[in-house]
Amino acid sequence: MDNFFGITKNGSNVQTEILAGFTTFFTMAYIMFVNPSILTLAGTEDNPMSWGGVFVATIIAAAVGTLIMGLVAKVPYATAPGMGLNAFFAYTVCGALGFRWQEALAMVFICGIINIIVTVTSLRKAIIKSIPRSLQLAIGGGIGLFIAYIGVKNAGFINFVSTSPGFTPGAAAVPELSKFNSVGPVLAIIGLTITIILLQLKVKGAMLIGIVVTTLIGIPMGITHVPDKLFDMSALSGFNDVSFAFFGEIGLKTLFSDGRTFIVLITIFAFSLTDTFDTIGTLIGTGRKHGIFDDEDEKALFESKGFKSKMDKALFADSTATSIGALFGTSNTTTYIESASGISEGGRTGLASIVTALLFLICLPLVSLFGMAPAQATAPILIIVGIMMAESFIGIQWKDMEEAIPAFLTIAVMTFAYNISFGIAAGFIFYVIVKLFNNKIKEVHTIIIGASALFLVYFVLMALNKIG
């Protein structure tokens with residue numbers, strides 16, 4: 001085992017790697033609660049997406065992806081369905097754009113295949129270098145605000161009131177702060193406070209503990225419903241409903257029907273773009289700081305092709321996990337920034353990832369227990385994840401209007417329009433405009449110009465009621 005993982009070579013030991021695996025698991029275990037809560041919103045009354053099925057899919061996707069990361073790349077990173085990407089799946093792809101969840105899974109699967117191809121060819125270098133750093137940071141931080149906004153809504157912290165007296169269909173509505181005169185928002189504020197306190201005290205697994213404590217407090221408040229039995233494998237039947245679902249009558253067969261080819265390609269592009277930069281940011285941001293990747297590893301990221309470094313293999317593992325996750329029935333599986341918690345505990349090899357994967361699998365028979373968590377218990381986690389993701393704003397040069405304009409519009413449109421892909425589109429388009437009128441259009445990569453043109457065509461078609 002030492003020779004396979006290079007534990008001693010990397011200055012670690014088995015005990016430290018096991019501790020790191022546990023730490024990473026408890027830091028990111030909240031995804032088992034949150035992912036089903038978000039993805040089930042992609043379903044409809046006549047085409048529901050099973051909570052239990054997504055719960056099982058989340059666990060299996062996380063376990064399998066993390067095992068690949070540990071056994072192939074041999075680095076201490078864990079994968080799971082990504083926050084932000086699941087929101088894009090439910091609220092934008094299935095909500096705003098009207099795709100059925102089976103079709104959305106088909107797009108995620110295709111995204112994973114594309115990412116694998118991008119990882120092993122020179123396309124990776126071209127795409128990574130084409131997106132300016134300011135837009136990368138804006139996309140990451142904007143998704144954080146988007147997630148936090150969902151959390152605020154789910155918690156019941158804001159209500160929408162009509163600007164017209166009485167009930168007027170189609171009338172404008174504006175948000176207002178909750179009066180906290182009902183138990184739902186009160187429980188959510190209790191959960192948010194508890195979790196923030198635990199984070200400030202640097203308690204391991206603070207977010208998971210916050211969910212559990214808030215769920216328990218919700219019992220006497222009448223919000224949390226206690227299941228009849230602790231161990232329940234009934235969710236496995238739900239797993240049959242979501243796994244390999246896009247190979248049925250709805251999915252790949254219907255994805256490109258009704259003249260939707262253009263919007264499907266744009267959506268897959270948005271999935272792939274977000275997934276790619278989320279993963280690369282995590283690997284570079286945490287790996288260099290703790291010595292998991294060296295300069296040669298990072299240089300290999302921009303080489304034409306092949307697997308010449310641990311980072312190459314980690315990217316390949318991440319891309320593979322995305323398609324595997326779609327097969328099981330969940331949105332994009334990506335490398336988790338929470339892996340930094342285990343790395344901070346001393347994890348340096350794939351053994352830590354193996355431990356994390358096994359802990360996910362142990363949770364499978366406890367679906368009824370995990371299903372207790374109400375929206376008020378998971379909403380605070382969405383808000384806190386948004387806070388953490390907002391860290392990327394610090395890297396944007398706000399005093400430079402060339403950089404600030406497209407970055408701000410990316411963030412603002414993404415959040416206020418409640419649409420991640422529209423935010424990316426706004427950033428790309430105005431980045432091109434700003435550069436054009438500063439006589440710096442030569443600085444803009446052809447990929448950005450092409451993508452901006454496609455986004456413009458999409459908006460024109462939408463304005464003409466051809467799509468959307």
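Where is Ser331 found? The legends below take up this residue and several other places in a predicted model.

**View 1. Ser331 in its loop.** Ser331 is found in the loop between helix 15, which covers residues 310-328, and strand 4, which covers residues 333-335. Although Ser331 belongs to a loop, this residue is buried, because its relative accessible area is 0%, and the cut-off for a buried residue is anything under 20%. When its neighbours within four places in sequence are left aside, Ser331 is in contact with Asn35, Leu39, Pro81, Leu85, Asn86, Phe89, Leu105 and Val108.

**View 2. Helix 9 and its buried face.** Helix 9 is made of 18 residues, numbered 183-200, and from its first C-alpha to its last this helix reaches 26 Å, which is close to the 26 Å expected at 1.5 Å a residue. Its buried residues are Gly184, Pro185, Leu187, Ala188, Gly191, Leu192, Thr195 and Leu198. Seen down the axis of helix 9, these buried residues fall within an arc of 155 degrees, and therefore they line one face of the helix. The buried residues of helix 9 pack against helix 8 (133-155), helix 10 (206-217) and helix 19 (375-389).

**View 3. Lys202, after helix 9.** Helix 9 is followed by Lys202, which lies in the loop between helix 9 and helix 10. The phi of Lys202 is near 60 degrees, and this is a positive value in a residue other than glycine. Lys202 is exposed, because its relative accessible area is 67%, and exposed residues are those over 50%.

**View 4. Phe244, with a positive phi.** Phe244 has its place in the loop between helix 11, residues 235-242, and helix 12, residues 252-255. Its phi is near 55 degrees, a positive value in a residue that is not glycine. With a relative accessible area of 44%, Phe244 is partly exposed.

**View 5. A nonpolar surface patch that includes Phe26.** Met1, Val14, Ile18, Phe22 and Phe26 together make a nonpolar surface patch of about 420 Å². One of these residues, Phe26, is found in helix 2, which covers residues 14-28. Phe26 is partly exposed, because its relative accessible area is 35%, a value that can be set against the limits of 20% for buried and 50% for exposed residues.

Notes
Residues are numbered from 1 along each chain as its sequence is written. This is a predicted model: local features need pLDDT of at least 70, side-chain atom pairs count only at pLDDT 80 or more; totals for chains, interfaces and linings use all residues. Side-chain values use heavy atoms; hydrogens and water are left out. Patches are made of residues with over 30% relative accessible area and no salt bridge: like charges are joined within 9 Å, nonpolar side chains (Val, Leu, Ile, Met, Phe, Trp, Tyr) within 5 Å. Accessible areas come from the Shrake-Rupley method with a 1.4 Å probe; for residues, only the protein chains shown count as cover. A salt bridge is a side-chain nitrogen of Lys or Arg within 4 Å of a carboxyl oxygen of Asp or Glu. Helices (H or I, at least four residues) and strands (E, at least two) are DSSP runs, numbered from the N terminus. Buried means under 20% relative accessible area, exposed over 50%, partly exposed in between (1.4 Å probe, protein chains only). The expected span of a helix is 1.5 Å times one less than its number of residues. The arc is that of the directions from the helix axis to the C-beta atoms. Contact means heavy atoms within 4.5 Å.
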